[in-house]
Amino acid sequence: MNNDLRRSVLDTPERNGASASGMGVGSHALGKDDRITLKQGAGGRAMRGLIEDAFLHAFATDPPQLAGVIGLAAMDDGGAVRIGDRWLVLTTDSHVIQPVFFPGGDIGRLAIAGTVNDLAMMGATDVLGLTCSVIIEEGFLRRDLERILASMRDTCREAGATVLAGDTKVMGKGEIDGIVINTAGVALTSHLITDRGLRPGDRLIVTGTIGDHGMAVMATRHGLALDTPLESDVAPINGLIRAALAADPTAVTAMKDPTRGGVASVLHEMASKGRVGVVIDERALPVRAAVRGISELVGIDPLLVANEGKAVMAVRADAAEHVLECLRAHPLGRNAAIVGVCTEERPGMVVLDTGFGRRLVAEPEGELLPRIC
Amino acid sequence: MTGRLEFRDPDRARALGGALEQAVAEVGRSPVAVMHVCGSHEQAIAKFGLRAAFPRGLDVIMGPGCPVCVTDLPEIDEAFALAMQGVRVATYGDMLKVPGTAGSLADAQAAGAHIDVVYSVAQAVDLARETGDEIVFFATGFETTAVATAAVVLAGLPANFSVLSAHKFIPPVMEIVAEMPHTRVEGFLAAGHAAIITGSGVFEPFVARHHLPVVVAGFEPLDILAALVKLVQMIRDDDHGVANMFPRCVTREGNRNAQQQLWRVFQTVGGRWRGIAHVPNGNLRLRDEWAHVDARRRFTIDVAALCDRAPSTLVRQCLCGNIMAGIAQPSDCALFGKECVPESPVGACMVSSEGTCRIWHQYGGVPNLGASA
Amino acid sequence: MCLGVPGLVVELDDLSAVVDFWGVRRRVRLDLVDEPVAVGDYVLNHVGFAIRRIPLEDVQATLAIYEQLLQESAEGTREDLMVADVRSELAAGAPRESKP
């Protein structure tokens, strides 16, 4: 039963004619005549392929960091430009989550938190300003729009951020699904943190429980009756990160937020960019009981599930305990934990110690659950 | 719940691992090869990293225990042909992407056929009642799953529902494996869930005939380790019996109620299993008195048009048959992880969540990374 | 599809039960169980049907079997060590000392 519920949850029908089974011909490469597939929006290998082949080809300047620009080629959470002795960090995100209202949040909160968090992941926790661009389907309820905007306003207040510019478009009924929100943000930081700074010996910290957002959305979509309702963790965490960096901003060597593809995805990315191996202690991972329950029943590993209010950080060994204390002292970091270590062996690979033995965590092909963020 | 955590206690697991190592040493020859015939066993072994706890001198081979993987091309083709003839087909999610001669059910869906993924046959029956559409349930799975199909048949089906049975029966295939000339299997781990239905007694004729021990095993880490200890001890002692190491769920007689329902509805016939050619009494078909709900008799299924396609070059390189018979590993296959990946599978072993190749791929393709820290 | 999952019965009617699996509740059919099921019982569920009632006392019995297996192995170890000692001494041609 579990495997089949999992399949019915995970299967995204290929609506645009791309063959689902490939009839024995397998290929990752996107031929120029092929059509864009849903998989290419899932945040994994296929999407990276599309970005590298199409977008980088068009936009990459590929400058080295010394020249004062972190560009598209770095594929980090944001781009950055040096201004004097600081960095101007900028980022943008579009949000297409379905359903727009879910336990613990909505698309508005997600849009603001997502951009604020991407800036924070680069070490830029004081937001200068945000933009908000919406495309709304004709017929969308006015009161739903106002609810979303109110949620965005509240989330901005939490983050200490303001929307300074925006755009509004309406498309005809059926031309777009409900509402799509794009946000962009800018911030300044003296100390830039990338996602490629992992070094052997660094400790890996997650700032709280994993898998909450994806499982909450999935449970809602499939009407799973739960004893303890599960809520998304969607929240702006720039305040939490500021607290962690306060004592020693150089203690954090790399950082990323585990959205699509979950913690597994960011660990893979960080390990391969840093050319180190990662070993995670499964027993140290903080997981809510309800998430564990759904995971057992449906067979989806919490490591692979999206989070929207968490960070994965690599911290210098000598500073790890202190950073952990700072995180735990903050309301959003109560369940922070040291979950693993970086090694020289097996660069680019993520190993999980289950308590019985070790196994690899395979790189997720992309987000398992469609329309998750 | 039900002492689940006790069956995952790492200390007891370590102790059992030690006992297993000792038992293997006592057998006095190396390697000792045993086979399990259950996808869920392989899943558990991979997920918990149990291979790291197995001693070097022990080979735990996965045999033909994935019901999806052993569903042969003609059966997939029947379902595919029905779907393309315009009949609504309901099936378990794993079957969606298994390649047939002309394509998978997912391909049929992309071409406009109506396919429903269900997690229970009862759900498919409800669908027929609610919609009034003619629905064929493509019934796959071993005896544990076949009993559910039997139960709905006996409970009374609506006129617009029929069953296309591709169910299989495990004990006969153990005979085939035991009789294979190049087999080095010295004992079997039997699937605990199937044994709940059939009882551990079903293996008594087998052990008498082949002088090979059979141990019925559960699915938690301790269950699997303890069962292996017992199996290797029986090999050491030349003990050709059946041992039940899952007594909390399995009895010698099994579930008589379920058995009666199974055999009232189904009979065994010889048939093809993918990769294993002919298995006498290995397939379950509806008895004549159920002809009126048998899709094969209700419909004229035209597979002729599909049969004149030659298998592609890739399909010819596929090692699924040997992998399922336990004489090759996924890593022996040139296509594994390259042309053959879950998004574009060549063979059934890469499609099913219980397929050896799929499981290995999911866990990084490396089965044994060594012991826990 | 083999994946049978244990759960706790929280509600019951003639044909089906509501079962709690680690906090997720699902309705499960009772056509196939071979003994009466009550609220508070554990059942093993497979593709939407309960296929077995799991008596709690059997859980303890299973754990006891595993303990016994470990004990027997341990006893075997002691014996083997002694045998191994004797063999190696004989092989070395040394006179055998009596062990306490």
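Select chain C: it has 1 helix and 5 strands, where helices (H or I, at least four residues) and strands (E, at least two) are DSSP runs, numbered from the N terminus. This is a predicted model, in which local features need pLDDT of at least 70, side-chain atom pairs count only at pLDDT 80 or more, and totals for chains, interfaces and linings use all residues. Residues are numbered from 1 along each chain as its sequence is written, while chains are lettered from A and ligands numbered from 1 in the order in which they are written.

Follow chain C along its sequence and the pattern is β-β-β-β-β-α. Of its 100 residues, 39% count as buried, meaning that 20 or more other C-beta atoms, placed from the backbone, lie within 10 Å of the residue's own.

Next, show chain B beside chain C. Here 33 residues of chain C are in contact with 45 residues of chain B; contact requires C-beta atoms, placed from the backbone, within 7 Å. On the chain C side, β1 (5-12), β4 (42-46), β5 (49-54) and α1 (56-92) each supply at least two residues.

Now go to the largest nonpolar core, which has 267 residues. Such a core is a set of buried Ala, Val, Leu, Ile, Met, Phe, Trp, Tyr and Cys residues joined through C-beta atoms within 7 Å. Helix α10 (residues 221-236) of chain B gives the largest share of this core, 11 residues. L20(B), A83(B), F137(B) and A190(B) have the most contacts inside the core.

Finish at A190(B). Leaving aside residues up to four places away in sequence, A190(B) touches V37(B), A195(B), F203(B), V214(B), V215(B), V216(B) and A217(B).

Definitions and conventions. A residue is buried if 20 or more other C-beta atoms lie within 10 Å of its own, exposed if 12 or fewer, and partly exposed in between; C-beta atoms are placed from the backbone. Two residues are in contact if their C-beta atoms, placed from the backbone, lie within 7 Å.
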